[in-house]
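Work through the exercises below with the structure open. Try each task before you read its solution.

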Amino acid sequence: MTTIVPVSSRLSASMMHNPLLISSILEHAVRCHGDIEVVSRRCEGDIHRYTYTDAAKRAKQLANALKAHGVVEGARVATLAWNGYRHFEIYYAVSGMGAITHTINPRLFPEQIAYIANHAEDEILFFDLTFLPLVEAVAPKLSSIKTYVLMADKTHMPAAPKLPNLQCYEDFIAGHAAEFDWPALDENSPASLCYTSGTTGNPKGVLYTHRSTVLHTYGANAPDGFGLTSDSVLLPVVPMFHVNAWGTPYMCPAFGCKLVFPGPAMDGASLYQLFEQEGVTLSAGVPTVWLGLLNYVRTNNLRFSTFKETVIGGSACPPAMLREFEEIHGITVVHAWGMTELSPLGTVCRLKRAQKLLSPEAQFAIKVKQGRSVFGVDMKIVGSDGKALPHDGKAFGDLYVRGGWVCAQYYKETESALIDGWFPTGDVATIDTDGFMQITDRSKDVIKSGGEWISSIELENLAMSHPAVMEAAVIGVAHAKWDERPLLLVVLKPDASLTAADLLQFYEGKIAKWWMPDDVVFVAALPHTATGKLLKMKLRDEYREHFSAQ
Ligand code: AMP
């Protein structure tokens, strides 16, 4: 039995309690990596280049400007912007002064943008040139925004502004001092706000604290995580409006990594040019963006000269994509899993020492998993009775997590989001004896056929390993006898041809017979959410009658 030592006889701890603050990241970057570059492709079309020292000066000018404008601690300051240096300055100025950076996803429907901005009670909206028409259209529905700031210089301001109190970013900060004493905030005070994509119901806000952000910065950048160093050059393709670009705008200055922002140009040609020009060593993004880049380099028979690793998450990385990166380009794919509620990083798939000695195929079977939890996140899987399941790589159940950067309660909600201290992720997964987690499905996407579960992700991955297939989605469609049966929807690669019978033949021997999709539909494109995930709800609606109509 554990002996409980009375408080009076415990030694008092002798360590400092320095609050974990976002402002300390930028200050550290100035002290130790002040000359490291931040390069941005701007909406204006050109390339902008400066250092962390310059970024800090401008962030301080912006903090002074915001203060002069009446922004106080706790106020919400929204952005609708691509990855770029002005967005980076806003991240640090707003959170650093004690206000809250609220990044809004511009790919959401205008009604959702209005809902989110009103729910957050945003006071100022900073936006990129690209989004001027969007902001003008949605502005009449925004009830709390008093000031609009266009993230550009004077020459790009509209001649006849339609927005009330529209300011120009460069004028907004001009004349303000490049010195600012970052306040010594409570580390538990809120720093930034992201809403979930809300594929069902209204989006929910996750309000990160300074402490959770700094802890995530340490945890996510551990050597078996992103592992960025002062030798690295990172180009985050994942947008700064998608869970703070997975925390990379904090990791890079904290660890002295050069940062390359792609701005609005996410097409294969523009990305490739920037990767080569800036000597990018590492990148991060969802599978759909890599489809475009890989397609471009394949068609033009190109190779990368410095690109070594890419972190892929947000949706399952198709094994065919993993092979193309690794076998053709020699680029290591680091599969990762996370969610808005986890700031976002939960797991990263890097092989352990002994696993690197396995055969290439055995290594590959591990790499397609979502990986081990980073230190700071605990995971468990539970069955329908709520009991924990074994970590044997076979049992699958609902994935629960807990840790210092996991959401406990959604913004403005009164009820806890937790069950017995754990956050239910809504994902269904296995965990093996080495701690590697593998997602089999989102719980609402699982296909239930005759009382048994079929993994849609596994069927999609197989379809995408066919050379003619560009993208695939598998959904459960109502079936008179089996409740649900899998329907496979396929987008072919340009100029490829394939019949349904050929594709089903391709599945033969690779899956249990009863997992075989009942039909294949070839489509021109598949719908995606604002963060690049397959929008299965829409597909389920569209194909609801598919089997009954046959
Ligand atoms: P979001 O909050 O928009 O980032 O979405 C989080 C959800 O994306 C997770 O709960 C998963 O369902 C899914 N997801 C994220 N990463 C992966 C991955 N590597 N493999 C499969 N699903 C993923």
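**Exercise 1: a helix and its surroundings**

Task: list the buried residues of α2, then decide how enclosed the helix is.

Solution. Start with the list. The buried residues of α2 are Tyr52, Ala55, Ala56, Arg58, Ala59, Lys60, Gln61, Leu62, Ala63, Asn64, Ala65 and Leu66. Keep in mind that this is a predicted model. Buried here means under 20% relative accessible area. Next, use the count: 12 of the 17 residues of α2 are buried, so the helix is largely enclosed by the rest of the structure.

**Exercise 2: the span of the helix**

Task: check the span of helix α2 (residues 52-68) against 1.5 Å a residue.

Solution. The expected span is 1.5 Å times one less than the number of residues. For the 17 residues of α2, that should give 24 Å. Now compare: the end C-alpha atoms of α2 are 24 Å apart, which agrees. Then look past the helix. Glycine 70 follows α2, and its phi is positive, near 95°.

**Exercise 3: the ligand and its shell**

Second, the contacts. A polar contact needs N or O atoms within 3.5 Å.

- The side chain of aspartate 427 has an N or O atom 2.6 Å from a ligand oxygen.
- A backbone N or O atom of alanine 316 is 3.1 Å from a ligand nitrogen.
- The side chain of histidine 242 has an N or O atom 3.3 Å from a ligand oxygen.

Last, the cover. On its own the ligand has 500 Å² of accessible area, and the protein covers 92% of that.

Terms used. Residues are numbered from 1 along each chain as its sequence is written. This is a predicted model: local features need pLDDT of at least 70, side-chain atom pairs count only at pLDDT 80 or more; totals for chains, interfaces and linings use all residues. Side-chain values use heavy atoms; hydrogens and water are left out. A polar contact is a pair of N or O atoms within 3.5 Å; within protein, one must be able to donate a hydrogen and the other to accept it, and residues adjacent in sequence count only if both atoms are side-chain atoms. Accessible areas come from the Shrake-Rupley method with a 1.4 Å probe; for residues, only the protein chains shown count as cover. Helices (H or I, at least four residues) and strands (E, at least two) are DSSP runs, numbered from the N terminus. Buried means under 20% relative accessible area, exposed over 50%, partly exposed in between (1.4 Å probe, protein chains only).
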